[in-house]
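Subject: Structure handover and findings

Dear colleague,

Here is the structure for your files.

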Amino acid sequence: MDSKERTRRCEEFRRLHARDEMLVLPNPWDVGTARLFANMGFRGLATTSAGLAFSLGRRDGDGAVSRDETLAHVRTIVDATPLPVTADLENGFGDTPEAVAETVRLAGEAGLAGASIEDATYRPDQPVYPAGLAVERVQAAVEAARALPYAFTLTARAENFIRGRPDLDDTLSRLLAYEAAGADVLYAPGLPDESALRLACRSLARPVNYVAGIGRARFTVAELKEFGVRRVTIGTSFCRAGLTAVVRAAREVLDQGSFDYTDTIYTVAECNELIDPRGDFTADHPPGPAL
């Protein structure tokens, strides 16, 4: 990707955050799903660390996928379509601010338009970083992002609610500190209800991201917009939906010896049209119309 194209994608990603319309980002886990989502009419993509881990036959969330593997993977997603891509870079692949800054620098070199850095440690005795260190890590990430020659969008995640620490006050305090440190988008996966979402959106000036598929609360895109949310990511839920369908189909074959699942699946021709409607897909093709 040349400098002009990278600049275009980064600037487009910024514009998508500035529109009145909600930005909804699906999370592909391979080239095929990236192209499928682009052809369906999504305007940007976000990667999923869980989807990558599962595709490699590993567990998610315990550092089983390295930084080098993650960056190699995100390059394939970046190259798959002309859409801007933001990456799930977990905790930056290191405890120190310096490690996080290096990860963001490498992410920019990989052609990403943005990335998220979370404050999770992956250690059960201390699941999130102390607040002071967490802010230093975000500051380092922001500085690295600003040093890139592109308008890189940095998302900062406060992980309390999905790391066994359902502390709303601490979560909001962290988000406010990450905003003050310069993060472009704020994100607290697993906020429990409408009131918590409204409070977060009301407290923060910069866009708030909501992830679908975590917890029992269910909201529509229209409802989330009314709460003040500016961006929605699908997270792991499309990947998990796909795996769930495969498990149910395989269980039918193993347990019942039947193939009724084939009654409702797409044909190969239909899949061809979803993933590569022209028969010669390249990253130079614009995304197709919404279906």
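For residue classes, Ala, Val, Leu, Ile, Met, Phe, Trp, Tyr, Cys and Pro count as nonpolar, Asp, Glu, Lys and Arg as charged, and the others, Gly among them, as polar. The model is predicted, so local features need pLDDT of at least 70 and side-chain atom pairs count only at pLDDT 80 or more, while totals for chains, interfaces and linings use all residues. Residues are numbered from 1 along each chain as its sequence is written, and side-chain values use heavy atoms, with hydrogens and water left out.

Cavities

On a 1 Å grid over the protein atoms alone, a cavity is a set of points where a 1.4 Å probe fits but cannot get out, and lining residues have an atom within 4 Å of a point. A volume is the space filled by probe spheres set on the points, which are joined across faces, edges and corners. There are two cavities of 30 Å³ or more.

The second largest cavity holds about 40 Å³. Its lining has three nonpolar, three polar and four charged residues; among them are Arg 59, Asp 60, Asp 62 and Glu 90.

The largest cavity holds about 90 Å³. Its lining has ten nonpolar, two polar and no charged residues, including Tyr 187, Leu 197, Tyr 210 and Phe 219. Strand S7 gives the largest share of that lining, three residues. Helices (H or I, at least four residues) and strands (E, at least two) are DSSP runs, numbered from the N terminus.

Largest pocket

A pocket is an open set of grid points with protein on both sides within 12 Å along at least five of seven lines. The largest pocket has a volume of about 630 Å³. Of its 18 lining residues, Trp 29, Ala 241, Gly 242, Ala 245 and Val 246 lie nearest the centre. Helices H2 (31-40), H3 (49-55) and H10 (237-256) are the elements that give two or more residues to the lining, and H10 has the largest share with seven. By class, the lining has 13 nonpolar, five polar and no charged residues.

Helix H8

Buried means under 20% relative accessible area, exposed over 50%, and partly exposed in between (1.4 Å probe, protein chains only). In H8 (residues 194-203), Ala 196, Leu 197, Ala 200 and Cys 201 are buried. These four are on the same side of H8, because they cover an arc of only 130° around the axis, taken from the directions from the helix axis to the C-beta atoms. Their cover includes helix H7 (168-180), strand S7 (208-211) and helix H9 (221-227), where contact means heavy atoms within 4.5 Å.

Cysteines

With a disulfide defined as a pair of cysteine sulfur atoms within 2.5 Å, the count is zero. For Cys 271, the nearest cysteine sulfur is that of Cys 239, 17 Å away. Cys 271 is partly exposed at 31% relative accessibility, whereas Cys 10 is buried at 1%.

Positive phi

Glu 90, which also lines the second largest cavity, is not a glycine but has a positive phi of about 50°. Glu 90 sits in the loop between strand S3 (85-88) and helix H5 (97-109), and is buried at 7% relative accessibility. Tyr 122 has a positive phi near 70°. Tyr 122 is in the loop between strand S4 (114-118) and helix H6 (131-147), and is partly exposed at 23%.

Regards
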